[in-house]
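I opened a new model today and kept notes as I went. I wanted to look up the metal site and then the charged side chains.

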Amino acid sequence: MSSNSSSDAVAVAKAVASCRLVKQQRRRLAAFDFDHTIVSQNTDTVVRDLLPTEVTSARAHELVENDCWTEYMGEVFRLLHEQQVPEARIRDTIRGIPEVPGFVRLIKHLAKRMQFDLIIISDSNSVFIEEWLRAHNLADCFLAVFTNPAEFDATGRLVVRAHHQQSDCKLSASNLCKGRVLEHFVIEQDLRRSIRYDHVFYVGDGNNDICPVLRQRACDFACARSGFAMEKHLLRNRSKLKLRAQLLVWKSGFDLMDQMLALPQLQTQAPNPNPNPNLGTVGDGGGPEDGQAEMARRASAAASAGQAKSPN
Ligand SMILES: [Mg+2]
Ligand SMILES: [Zn+2]
């Protein structure tokens, strides 16, 4: 045996061993919008209102009229910097936005008591969301925050970039397709961590929350804020939209928590860690073939999910 093939054999053995260490887990996911869902206002407009009313620019008008919201906010942040509104004032303003009643409690309960995985998918920006979460002791409740990345530069100006650029999804803005983000997250969790979600809850209020819920499965839950655009749009176009997920309409975090706790699907404690007997050998005594077959199965599942509009 050449030294090459023996090192190959070691590499294969290591790969198989690491594969077998990852046991499949079944969990639950809740994905949240931020503005008007977790916080009671729109973080962007609250900060924009720090500008004196007479301060604006031709560029700002042009951008807002052409629906370039992220670029528009970039221009607003430039004007705030020009007006010498300091970073601390912007951060204080964000921290002072009240929660939608019951959401701090709901998030803590889901994360700490019910072992949900939680994420945020928002068209606000990373500075605002992280600031608010830290101020409310919620930062460690979320696995990930998907939003437009932002930072204060060396001169103290807030700079924001688009989360991504897309033109495939007509329901979503070019800088953020929340449906794509949610799908990618679910696939990544499966491929990288062997985590499958028995139920996905998507909680939102606005028109940009329609795309993700239309990609949900029948075992998932679309949670729309009562009286807001998402609920109105879903109810008005119910037959046309073919929403597969169950619709939960909520008025507050307290109300949503009551509705979730009453769901028969959430009555069982920790979901069965290994409900599929075919996968039983992975992680507990299966041979190398089992691990490889499982990896191949997942890779092909992910590949087909990537092609289809909806993996579910
Ligand atoms: Mg919203
Ligand atoms: Zn979309």
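My entries follow, starting with the metal site.

Entry on the metal. I noted that the model is a predicted one. I looked up what holds the magnesium ion (ligand 1), and found Asp33 (OD), Asp35 (O) and Asp205 (OD) coordinating it at 2.1 to 2.2 Å. I wrote the spacing of these donor residues in sequence as D-x1-D-x169-D. Asp35 and Asp205 are 170 residues apart and link distant parts of the chain. I placed Asp35 in the loop between β1 (25-32) and α2 (43-48), and Asp205 in the loop between β6 (195-204) and α9 (210-214). I then checked burial: Asp35 has a relative accessible area of 11% and is buried, and Asp205 is buried at 8%.

Arg48 meets Asp49 at 3.7 Å, N to O. I listed Arg48 as partly exposed at 27% relative accessibility and Asp49 as exposed at 54%.

Asp220 pairs with Arg217, with the closest N and O atoms 2.9 Å apart. Asp220 has a relative accessible area of 2%, so I counted it as buried.

Glu131 pairs with Arg134, with 3.3 Å between the closest N and O atoms. I found both in helix α7 (residues 126-135), 3 residues apart, which is about one turn of the helix. Is Glu131 buried or exposed? Glu131 is buried, at 7% relative accessibility, while Arg134 is partly exposed at 49%. I also noted that shared partners join Glu87, Arg91, Asp92, Arg95, Glu131 and Arg134 into one network of salt bridges.

Conventions:
Residues numbered from 1 in each chain as written. Chains lettered and ligands numbered in written order. Predicted model: local features only at pLDDT ≥ 70, side-chain atom pairs only at ≥ 80, totals over all residues. Heavy atoms only, no water. Donors = N, O, S within 2.8 Å, 3.2 Å for Na, K, Ca; no water. Helix = DSSP H or I, 4+ residues; strand = E, 2+ residues; numbered from the N terminus. Buried < 20%, exposed > 50% of the residue type's maximum accessible area, 1.4 Å probe, protein only. Salt bridge = Lys/Arg side-chain N within 4 Å of Asp/Glu carboxyl O.
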